[in-house]
Amino acid sequence: MKQCNPNVKGLLLTATPWNNAREDVINIGSLFLKVDAIPNDRKYKQYFLLSPNKLTNKVVKHLANDDAAFKEFWADVYLQRTRKTYGGKGTRFPHRNFPSVDVPYEPRKNEIFSNNFDVIADLKFPYQDPIKYIDDSKEELGAKQLKMMLLKRADSSWKAYVTSLQHIVDKLEKLNIQYLKPMSYLKGKELLNHYVAFLGTAYGIGEYENKINTLFRDFEPSEPTDPSQQTIRSQLRKQRYIENLKAQINGLNVKKAKNAIDKMTADYNSDVSTIKMLIDSLNKAYSKVDEKVDEIIECIDEERAKGHKIILVSQFADTVEYYYDKLYTHYNKPQLKYPMGMITGASNTDENGYSAKINQKPSTKKDVLNHFSPRSKKAIELIENNEQIDLVVATDTISTGQNLQDAVTLMNIDLPYNPMTLEQRIGRIDRPLTKGDNNDQIYIYTFPIYQSINSQLKMMKRLGNKMAGVLNDTEFDNVVLPQYEGYLKDITEKKQNAVKTMLDKTDDQMINHSDFSSEKHSEAYQQANKRMYDFKANQLTPLKDPLIPDYSFSNGKKDHSIAVVEIKYYDVNGSYLEKENILVDVNDSKKVEIIDAEKNLNGEIAFDVHNSKALSQGDALTAVEKAKDRIYNVVKQQVAEYNKQHEFFAKNIDSTKNKTSVKAAVALRNSAMQEPKMVMSKLQSVNVDPKLLKDITKYVETIDKDDDLFPIVQEIANNPNVFWLEISKYIRFFNPDSIREMENVGKNIQKASTRKADLEKTQYKVLDGNIVIK
């Protein structure tokens, strides 16, 4: 879009709570920035100037670690509203209540939950990433992710747990029938060839798929196979990964292959036996009673008696279907007494393509929610026609973009690892109250299974520092996981307050610890600006020919004088650098923000001293001189801060270009000068205009060691002929279309000045100020 229309302006809106790392915030925000439009007084501009063609990982990390610069970036580019900052005067939210309901399971079920950790921890999943059987150093992240997911599904419902376990058994049987059993009859080279073919198929090496274990994936969304839809980095990761796999596979011998097959077969037998026993135990234990369902029904009855509409939510579609069937049978067989609806999401449809139902009739998500919350959905006719439903069982597909405040009760069948997902669930019923709305209490139920909680805590402890790797790129979120882990520990002690504590800690982390906040986004800032505007528009009457221009005087109770100061920075040669306006607390000799400055000024309005009878001109001039001395101290601080930023920039500007990358770019240019015909021929062979070599080499210079492309740069630096010999393979990573886009961005970047400001040459003046006379 920016390439087609350089002046295009974008606005990204999301109702999703922000839980990203600073680096992600910067990368996304940079898409909406035109570097030369960033005001020169912004510290973060220096970081963008450090990266001439693209925002490198190194620059992103430096900016993320600079609190002051990041806060400026956040304030300029983002606007965040939370429950604590939303709304103006008089805005009300309902009070949150967090009932925690214990589920009294019979002993044999408690024993199953207690043993879950030991059972699941020992599973091997031989169909997952089978290269681990020939490479002991292979990190089994897929297996660990699956173990965490199994514990979570056990916590959700026994039906979801059994479904997952049976799914694993089916995959194990498929592995045995198609591969392990046939290979058990083979020997020697024939065995080796079949095992090599198995690995090639499992990893899709023949088709160069960008997947791991393409034949046997669990809980994994499909990725685009069209190379044009894949990022340069993902293509490079694919190439490197496949090349490493091929090297390992080609290094196999008969002995290694037989050992791997024997281990896989042993793990298959152990896993199948263990899981089938667990499935059998679960089926027997739950053949008659599900205590959690019964407990939820009791809570539903209590809420129904109060006239409350109820939402039941789970992460998993099979849990939703299981609970809906149980509840519908309990309340509406043989006749309809309690109208209800179910929503499982677009990825979980029935044979006719429906993912929702009202009672037993197929429906749509929109229709179900209209019938459930007709007032908030402005479908009042459904109330008049007595077509409402009073209970919805749904997945998290309803957790975003829906206003369901006809309900005041949310029951969490399970809790997500990410507390912000729980916050989104609650947000469906926790909306600003309208005038006259007396439904000022909402209820968020949880149903903890303590034995299951202990199993999750044991698994987290076992994984320890490896948790981050296990949780990356999955629905688990290692940024907010500590709050969920804290909940698991708290629930055994605090119970009623555990969920509230988890949400409060997450909110504090997002707003305070992560610095995802800005004065400009606050209600206090908006009110301060409104008061200043009203004063300027309605009350400000400047005196004609004042004896002391640019200053006013007051004698109120506030003891802080405030001044607006313009600073023009000049270097030691008297050359102009840049200008900035700041607010100064004269009494404390420090720079302040608008909220504090306006608070002091607004408090002094009623105590204005505007004639020499109340304050002599001599006393006023004396006060001004004292103020100037203190303001000068602030100017000195600003000059020092200005130079500190520029000193940092000067030290880092050279480090943005990696020496190896510069060497590689020079090598390419030199080879082109030495053998122009060869280079021209090679570029033309891949339909690239030779004139674009300059673009390619400029792009190479921007690649840093933390970039996925760096290994290729190292090869070029060592021997540029590698690039020309393998250009058909490499050219897609140096696509001139992408490079031209980067060059267009680069043309907008102004070279940053590393000149320091000189205090003696720097000029400043007070644009306006109020001095409090004590």
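This is a predicted model: local features need pLDDT of at least 70, side-chain atom pairs count only at pLDDT 80 or more; totals for chains, interfaces and linings use all residues.
Which strand pairs with S1 in the parallel sense, and over how many bridges?

Residues are numbered from 1 along each chain as its sequence is written, and side-chain values use heavy atoms, with hydrogens and water left out.

Let's start with the whole chain. The protein chain has 29 helices and 14 strands. Helices here are DSSP runs of H or I with at least four residues, strands are runs of E with at least two, and both are numbered from the N terminus. Of the 774 residues, 47% are buried. Buried means under 20% relative accessible area, exposed means over 50%, and partly exposed is in between, using a 1.4 Å probe and protein chains only. Now contacts, meaning heavy atoms within 4.5 Å: among those between residues at least 6 apart in sequence, 77% join residues at least 24 apart.

In an open sheet, 8 strands follow the order S1-S8-S7-S2-S6-S3-S4-S5, with mixed pairing. Its edge strands are S1 (95-97) and S5 (361-363), each pairing on one side only. Two strands pair if DSSP finds at least two bridges between them. Neighbouring strands in this sheet are turned by 20 degrees against each other on average, direction ignored. Angles like this use axes, lines fitted to C-alpha atoms (for helices, over the stretch in contact), and run from 0 to 180 degrees between N-to-C directions.

Back to my opening question. The partner of S1 is strand S8 (residues 441-446), and the two pair in the parallel sense over 3 bridges. Look for Asn-97, which stands opposite Tyr-443 in S8.

Helix H15 packs on this sheet, touching S1, S2, S7 (409-412) and S8, and its direction makes about 150 degrees with that of S7. Is H15 largely enclosed or largely open? Of the 9 residues of H15 (residues 419-427), 8 are buried, so the helix is largely enclosed by the rest of the structure. Among those buried residues are Pro-419, Glu-423 and Arg-425. Helix H13 lies across S2, S3, S4, S5 and S6, at about 40 degrees to S4.

Lys-377 sits in the loop between H13 (365-372) and H14 (381-384). Lys-377 is partly exposed, at a relative accessible area of 24%. Its side chain makes a polar contact of 2.4 Å with the side chain of Gln-402. A polar contact is a pair of N or O atoms within 3.5 Å; within protein, one must be able to donate a hydrogen and the other to accept it, and residues adjacent in sequence count only if both atoms are side-chain atoms. Lys-377 and Leu-404 are 27 residues apart in sequence, yet 7.8 Å apart in space, C-alpha to C-alpha.

What about the cores? A nonpolar core is a set of buried Ala, Val, Leu, Ile, Met, Phe, Trp, Tyr and Cys residues joined through side-chain atoms within 4.5 Å. The largest has 100 residues, and Tyr-195, Ile-300 and Leu-312 touch the most other members. Apart from that core lies another, of 25 residues, including Ala-563 and Ile-567.

In the hairpin of S10 and S11, with 5 residues between the strands, Gly-574 takes a positive phi near 85 degrees. And 7 of the 9 residues of S10 are buried, so that strand is largely enclosed by the rest of the structure.

One last stop, in S14: Asn-770. At 9% relative accessibility, Asn-770 counts as buried, and its side chain makes a polar contact of 2.7 Å with the side chain of Ser-552.

Thanks, everyone!
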